[in-house]
Amino acid sequence: MIISDQPLLQIENLSVRYITPTGVVDALRNVSFELGREKLGVVGESGSGKSTLGRAILRLIPRPGEVSADRLAFMGQDLNGMSETEMRRIRGKQITMILQDPKFSLNPVMKAGDQILEALSIHGHINRREGRMRVIEILKAVRIRDPERVYNAYIHELSGGMGQRVMTAMMVVTNPMLLIADEPTSALDVTVRMQVLAIIDDLVTQRGMGLIFISHDLNLVGSFCDRILIMYGGRIVESSRASELHNCKHPYTRGLLESLPSIEHPKDVLATLKRDPAWLMAP
Amino acid sequence: MSGNESTLAAPVGLKAWLMTDTPGSGWQAACGRAYRGWRAFARNPMGVVGLAIVLILLFCAAFAPWIATADPTVQDLSLRLQPSSAEHWLGTDRMGRDTFSALVYGSRVTLYIVALVLVIAAPIGLLVGSSAGYIGGWTDKVLMRITDIFFSFPRLVLALAFVASLGPGLNNAVIAIALTAWPAYARVARAETLAVRKSDFIAAVRTQGASNWRIIFRHVMPLSLPSVIVRATLDMAGIILTAAGLGFLGLGAQPPTPEWGAMISVGRENILDQWWVAAVPGMAIFIVSLGFNLLGDGLRDVLDPKMT
């Protein structure tokens, strides 16, 4: 059924624009890329369209945003032509998205376990006992030591790292094919960040998912992902293998790399990015 | 002085168990929270008075056959319009029926109306308000304009119109009052929904593929419920007054059901000579409405942290 050489996701000329009374804002301009079963990092500064890309794939761009694409296909199915009902079957079941801050992205009046169960019960009826067992299982898979307690906990009773693991559990419990992680670790401190990343890495590798990892941390993405897209002003300015990141040629990527401090090559003054309006045009 | 000492001393026994910072079980924590809520509520003496009135009402309704001294429907024309006496504590009406017993049985009717109106009106209001707030756009405009239309009529007049078309009777009065009561809850629910609809956890449920209805029922409504409950307790007095008004006009509960509004109506003709016949049920309506209002105020102070 699944053809291995068929890319998981094919995107051609995806654009998102917001038509507002004060003018048209182009959030994404002609983004094209393909994704296989790999870990793809998407890097860029704030407002470069990273999160918009994630939401556009799930077709969750709020009004008055307009999405257009020559091709937006997931495993050969055209997402662009799907009805809202068909789209709901894709969301959460085949493509899921981990959001940034668990403090805000989990329902404050619902038990953590019930929220994970919610994902299961949206996509097919499941009885409570069997569902509970699968939730406990997935909580163990995200390395929560006392899953029974966490099942009955509310989000304010959990730490940030625990919350993000619950969020991750919630998004992988349905065994999706593609996981979009929208800055999943930026609300966490550094040590917890590495644990959460390791968990996501394991899950993605074990279950053979595709991963789109959205971040603004170039070093992190460079070490974690297979391939990297650099975005600026709603466009992909450069695409590179993670291992060849230091060979990138685009002045924006170079600027980003040079403005990072390095412990091996200390500099007195770090470079500042000089943005060129020409980058917004076609390369 | 002894009062000061007792507050300074460490609490022992049940109180310590309730007030501990490290509860041993979820049940203990829940008990402690309820106890703290009660302490906050008890600081408001008027609220406690309201609670007492409502509890007395509930007690009367539950044990009416044992409290009442006579059957409120039995007529004895030889004993009509009696003043208060050892046999008839609050006198008799012009059919010779015992007013005290009618009052006690009437509390059942009053509670029946209040409870049923809330059971009908609160869910309707919650559903309309949450859908309008969450879906937005034209749905919001249409639903809220309908709400505004219901709001623009005086409540009793609208209820009268409904009863007139449905026919007089206790259940029709309940339906009529419910139809006039839901818009307030719709407004409250919509305001709460607007506050949560943009939040990340709603976005997260959407990325999981939840439908709009699922989000409204399972994720939005539980969050607007507390405000609706507080609003409902404050509304109870109004519901009682509307019900009594309908009863007074002969459009609510039909005789021989003892209903406070209808009792005033019966006593109206003798109001100058035998004032107690109308005054006693009037006082009952007044006291119970006041009780519900005081209770609602007290509850709002406890349940809604934004107010204090």
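A: A residue is buried if 20 or more other C-beta atoms lie within 10 Å of its own. The structure discussed here is a predicted model.

Q: How many residues of strand β9 of chain A are buried under that criterion?

A: Strand β9(A), residues 210–215, is mostly covered, with six of its six residues buried.

Q: Which residues of β9(A) lie on one side, and which on the other?

A: On one side are G210(A), I212(A) and I214(A), and on the other are L211(A), F213(A) and S215(A). These residues are all buried, and both faces of the strand are therefore covered according to the criterion of 20 or more C-beta atoms within 10 Å.

Q: Which strands are joined to β9(A) by bridges, and do they run parallel or antiparallel to β9(A)?

A: Two strands may be named here. Strand β3 of chain A, residues 39–44, is joined to β9(A) by five bridges, and the pair runs parallel. Within β9(A), F213(A) stands opposite G41(A). Strand β8 of chain A, residues 178–182, is likewise linked to β9(A) by five bridges in a parallel arrangement. There, G210(A) of β9(A) is the bridge partner of L178(A).

Q: Which residues make the contact of α4(A) with α7(A)?

A: Helix α4(A) contributes A112(A), Q115(A), I116(A) and A119(A), while α7(A) contributes V166(A), A169(A) and M170(A). By class, this contact has six nonpolar residues, one polar residue and no charged ones.

Q: How many residues does each chain give to the contact between chains A and B?

A: Chain A gives 19 residues and chain B gives 15. On the side of chain A, the elements that supply two or more residues are α2 (84–90), β7 (95–98), α3 (102–105) and α4. The residues on that side comprise nine nonpolar, five polar and five charged.

Q: How many helices and strands has chain B?

A: Chain B has 13 helices and zero strands. Its C-alpha trace spans about 75 × 65 × 30 Å along the principal axes. Of the 308 residues in chain B, 39% are buried. Among contacts in chain B with a separation of 6 or more, 68% come from residues 24 or more positions apart.

Terms used:
Residues are numbered from 1 along each chain as its sequence is written. Chains are lettered from A and ligands numbered from 1 in the order in which they are written. This is a predicted model: local features need pLDDT of at least 70, side-chain atom pairs count only at pLDDT 80 or more; totals for chains, interfaces and linings use all residues. Two residues are in contact if their C-beta atoms, placed from the backbone, lie within 7 Å. Helices (H or I, at least four residues) and strands (E, at least two) are DSSP runs, numbered from the N terminus. Ala, Val, Leu, Ile, Met, Phe, Trp, Tyr, Cys and Pro count as nonpolar, Asp, Glu, Lys and Arg as charged, and the others, Gly among them, as polar. A residue is buried if 20 or more other C-beta atoms lie within 10 Å of its own, exposed if 12 or fewer, and partly exposed in between; C-beta atoms are placed from the backbone. Two strands pair if DSSP finds at least two bridges between them.
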